[in-house]
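I opened this model to record its overall build and then the setting of one residue. My entries are kept brief.

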Amino acid sequence: MLKGRHLIDPMDFTLEELNEVFNLADQIIACPEEFAHTCEGKILATLFYEPSTRTRFSFEAAMLRLGGKVLGFSEPNSSSAAKGESVADTIRTVACYADIAVMRHPKEGAPKVASMYSDMPVINAGDGGHQHPTQTLTDLLTIKTVKKSLSNQTIGLCGDLKFGRTVHSLIKALSRYENNKFVLISPNELKIPDYIRREILQKNNIEFVEVERMEEVIDKLDILYMTRVQRERFFNEEDYIRLKDSYILDGEKMKLAKDDMIVLHPLPRVNEISYEVDLDPRACYFRQAKYGMFVRMALIAKLLGVK
Ligand code: NCD
């Protein structure tokens, strides 16, 4: 039963529960008008303490397309956070007005804390450099739809694997499906955190390699997941400037890749995929953004327990 649950970490749902969400998303994609009144009378609160385009808009669009209503802030300075209110107090207040809440916060664990004080479902829309489970739902639905399977894939993750929360969540989620292999492509300073390496990959005997050069490995990949260097999480600007253009996926590199490799990116892109790649049929990142809205429609409906 997903009704009334929170989604804070990608492992919060069982594989069966994930399938429930994906199946509903497929039904919505097939016939969106049938769901236009599903959430009538319900309110979604979006509490965004950090910038966002896709995540907030896709949640808001999702709720509006389900016939529900939306309130919230996209700027913590316009909420009582600016007066020093705690996340625990904010969520208890918002729970008086809304039926479900989505929270993005620069501090790791803030949405988790909110969920501990909330009777309404709380969804983590990104907490610092930690996790981003609904981007993972988006990524999984895209892979499942385009590659037809979430198993037996060689997944290259490239860029800022240290601070990239979408990467952490996606590795966790894909490690639960059979026979996936990971190729982790990053500068030495931006490798995955040790807890992902030890607790997820090594502990579950999952095959992975860590390399610095994309050209060495791109021909082996079924999926290439590009990410931007997370400027806002760096301690100093010089390091960011030195590392920001470590990888640029262009037409030349795409020639080395398999014909059926797909390129994903959570977006926003900065420089890491050149615009010419957008025309390559293997580039799936804008489709991915669209799946994000549908999977969030399914998630909201499931957590609210509406039919
Ligand atoms: C990602 C995020 O916020 O972590 N964006 C998103 O939600 N699609 C990726 C990023 O900001 O680089």
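Basis. I worked from a predicted model, in which local features need pLDDT of at least 70, side-chain atom pairs count only at pLDDT 80 or more, and totals for chains, interfaces and linings use all residues. Residues are numbered from 1 along each chain as its sequence is written, and side-chain values use heavy atoms, with hydrogens and water left out.

Fold. I found ten helices and nine strands in the chain; these are DSSP runs numbered from the N terminus, with helices (H or I) of at least four residues and strands (E) of at least two. The radius of gyration, taken over C-alpha atoms, is 19 Å. The globule rule (2.2 Å times the number of residues to the power 0.38) also gives 19 Å for 307 residues, so the chain is as compact as a globular protein of that length.

I took a contact as heavy atoms within 4.5 Å. Of the contacts between residues at least 6 apart in sequence, 74% join residues at least 24 apart.

Leu174. I located Leu174 in helix H6, which spans residues 165–174. Leu174 counts as buried because its relative accessibility is 1%. Leaving aside residues up to four places away in sequence, I listed its contacts as Leu140, Ile143, Leu150, Ile155, Asn180 and Phe182. Glu40 lies 134 residues from Leu174 along the chain, and their C-alpha atoms are separated by 34 Å.

Note on methods:
Buried < 20%, exposed > 50% of the residue type's maximum accessible area, 1.4 Å probe, protein only.
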